[in-house]
Amino acid sequence: MIDVPIHPGIAAHLDDMVGLRRQIHAHPELGYEEEQTSALVAERLARWGYTVHRGLGGTGVVGTLTVGAGGKRLGLRADMDALPMTETTGLPWASRQPGRMHACGHDGHTATLLAAAQVLAASRAFSGTLNLIFQPAEEGLMGAKRMVEEGLFERFPCDAVYAYHNEPGFPAGRFGFLPGPIYSSSDTAVITIEGKGGHGAMPHTTVDPVVVAAHLILALQTLVSREVDPNDMAVVTV
């Protein structure tokens with residue numbers, strides 16, 4: 001972990017960026033529905049001098065800025081979608097859309113990348129091409145995969161791409177790093193359990209799939225404790 005002071009350029013626009021994040025938070029949009037958010041992102045990027053490209057991945061936005069003669073191409077990525085949850089915080093900037101909430105912090109991801117975009121465009125303290133990638137549909141809908149399949153890196157090649165995820169409870173101004181994977185991903189497994197029906201008073205004549213499923217779930221939960229090196233990170237949740 002390292003402590004990082006707030007960049008003076010960021011600090012100068014802090015109130016504006018906090019307001020921007022709260023605006024996005026109050027108007028959450030689900031995956032592939034980020035019309036208002038992507039329009040806001042595109043407008044800000046254009047205002048600061050970026051060339052704006054829209055439509056990759058449906059509602060994705062890419063802003064590009066080339067400074068100097070450097071040949072390196074850097075990608076910075078943030079996601080924009082919200083979750084299908086109802087917010088009950090009662091905060092002044094709480095979601096105004098029932099059943100939709102920025103509960104995973106993508107409003108913060110979007111706002112912080114916009115903050116970086118503004119400072120980088122104003123200072124132009126680099127030589128090369130900057131590709132800012134605002135991705136839709138991160139929450140299980142594979143928006144990144146769709147952007148890549150639609151030609152993201154053919155149109156906007158990058159020598160490296162950086163992204164981050166907020167961590168509630170982490171002290172402000174502190175960044176955490178690990179070599180290799182740092183977050184788990186979700187996946188889908190379909191398991192069919194075949195049983196044999198019968199009367200509840202004669203369980204010995206049946207093969208109860210509910211009991212089989214219960215044992216299967218318990219067994220899956222022991223995979224990490226009995227199959228994974230304790231020095232490695234692993235999560236299995238059913």
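Before the pairing, one definition: two strands count as paired if DSSP finds at least two bridges between them. What I am showing is a predicted model. By that criterion β3, residues 61–67, pairs with β5 in the antiparallel sense, over seven bridges. Within that pair, Val61 sits opposite Phe134 of β5.

Now the whole sheet. Five strands make up an open sheet with mixed pairing, in the order β2-β3-β5-β4-β6. At the edges are β2 (51–54) and β6 (160–162); each has a single partner strand, so one side of each is left without a neighbour in the sheet. From one strand to the next, the twist averages 20 degrees.

On to the helices. Helix α3, residues 35–47, lies across β2, β3 and β5, and runs at about 160 degrees to β2. Helix α4 lies across β3, β4 (73–79) and β5, at about 150 degrees to β4. Ala122 belongs to α4, which spans residues 106–123, and is exposed, with a relative accessible area of 68%.

Last, the backbone. Most residues other than glycine have a negative phi. Which residues of the loop between β5 and α5 go against that? One is Ala137, with a positive phi near 55 degrees. Another is Met142, where phi is also positive, at about 55 degrees. Are they buried or exposed? Ala137 counts as buried because its relative accessibility is 0%. Met142, at 54% relative accessible area, is exposed.

Notes:
Residues are numbered from 1 along each chain as its sequence is written. This is a predicted model: local features need pLDDT of at least 70, side-chain atom pairs count only at pLDDT 80 or more; totals for chains, interfaces and linings use all residues. Side-chain values use heavy atoms; hydrogens and water are left out. Helices (H or I, at least four residues) and strands (E, at least two) are DSSP runs, numbered from the N terminus. Buried means under 20% relative accessible area, exposed over 50%, partly exposed in between (1.4 Å probe, protein chains only). Axes are lines fitted to C-alpha atoms, for helices over the stretch in contact, and angles run from 0 to 180 degrees between N-to-C directions. Contact means heavy atoms within 4.5 Å.
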